[in-house]
Amino acid sequence: MQDPNPLPWGALDRFQAHFIVRKDTGQDVSNYVAKTQLTTKGHFASKTVLKVSWDGPGSLTQKLNQDTELNEMIARQSVKDATIYVEPTENAVRIRSKWDNHLSFGITKELFEIYDRIAGHIKSA
């Protein structure tokens, strides 16, 4: 019997927006690694974000944790959008979220403001 819903072969329709901040991290790349830690309530589709903190080894994490307005902005997002990663690359620092399919891929004005504010902290670090 043939599967009525076959899995696609090849590349899947998954996309990810990367916001690149030009910054020379030098030898201390661990200062520019951070990830949101979410405190949530509810289950599955009704899960909501209550509080946001940042986890990481460097000074950028401390700056992001001190910005309460930024963390309140992130807490108003969905769990998927509130999961944010900051990681250094060769000549820059990348800000990204989770993967999306082609139907739900997009950046809202609120997410852009969040990423822009994170980029400001990266530039000043």
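Two strands count as paired when DSSP finds at least two bridges between them. The views below show a predicted model.

**View 1. Strands β3 and β5 pair antiparallel through two bridges.**
Strand β3 spans residues 34-41, and strand β5 covers residues 85-88. Ala34 stands opposite Val86 in β5. Pro88 also belongs to β5. With a relative accessibility of 23%, Pro88 counts as partly exposed, because buried means under 20% and exposed means over 50%. Pro88 and Tyr32 are separated by 56 residues in sequence, yet their C-alpha atoms are 5.9 Å apart. When residues up to four places away in sequence are not counted, Pro88 touches Thr25, Val29, Tyr32, Val33 and Val93.

**View 2. Strands β3 and β4 form an antiparallel hairpin.**
Seven bridges join β3 to β4, which covers residues 48-55. Lys35 has Asp55 of β4 as its bridge partner, and Leu38 has Val52 of β4. Six residues lie between the two strands of the hairpin. Gly42 takes a positive phi near 90 degrees there. Phe44 lies in the loop between β3 and β4 as well, and has a positive phi of about 55 degrees although it is not a glycine. Most residues other than glycine have a negative phi. Phe44 is exposed, with a relative accessible area of 79%.

**View 3. Five strands make an open sheet with antiparallel pairing.**
The strand order is β2-β6-β5-β3-β4. At the edges are β2 (residues 18-22) and β4, each of which pairs on one side only. From one strand to the next, the twist averages 20 degrees. Strands of a sheet pair through backbone hydrogen bonds, either parallel or antiparallel.

**View 4. Arg96 is buried in strand β6.**
Strand β6 comprises residues 92-96. The relative accessible area of Arg96 is 17%, so this residue falls under the 20% limit for buried. Its side chain makes a polar contact with the side chain of Glu87, at 2.8 Å. Neighbours within four places in sequence left aside, Arg96 is in contact with Gln16, Ala17, His18, Thr83, Ile84, Tyr85, Glu87 and Tyr115.

**View 5. Helix α1 has buried residues along one face.**
The helix spans residues 59-66, and its buried residues are Leu60, Thr61 and Leu64. Seen down the axis of α1, these residues fall within an arc of 100 degrees, so they line one face. An α-helix has 3.6 residues a turn, so residues three or four places apart point the same way. Gln62 and Gln66 are exposed, on the face of α1 turned away from the buried side. The elements covering the buried residues of α1 include β3, β4, α2, β5 and α4. The helix lies across β3, β4 and β5, and runs at about 145 degrees to β4.

**View 6. Helix α2 packs its buried residues against β4, α1, α3 and α4.**
Helix α2 covers residues 68-75. Its buried residues are Leu70, Asn71, Met73, Ile74 and Ala75. Among the elements they pack against, α3 spans residues 79-82 and α4 spans residues 109-124.

**View 7. The largest nonpolar core has 24 residues.**
Trp54, Val86, Ile95, Ile114, Ile118 and Ile122 touch the most other members of this core. The elements that give two or more residues to the core are β2, β4, α1, α2, β6 and α4. Helix α4 gives the most, with six residues. With neighbours within four places in sequence left aside, Ile95 is in contact with Ala17, His18, Phe19, Val21, Ile84, Tyr85, Val86, Tyr115, Ile118, Ala119 and Ile122.

How values were computed: Residues numbered from 1 in each chain as written. Predicted model: local features only at pLDDT ≥ 70, side-chain atom pairs only at ≥ 80, totals over all residues. Heavy atoms only, no water. Helix = DSSP H or I, 4+ residues; strand = E, 2+ residues; numbered from the N terminus. Buried < 20%, exposed > 50% of the residue type's maximum accessible area, 1.4 Å probe, protein only. Polar contact = N/O pair within 3.5 Å; in protein donor to acceptor, adjacent residues only side chain to side chain. Contact = heavy atoms within 4.5 Å. Arc of directions from axis to C-beta. Axes fitted to C-alpha atoms, helices over the stretch in contact; angles between N-to-C directions. Core = buried A, V, L, I, M, F, W, Y, C linked by side-chain atoms within 4.5 Å.
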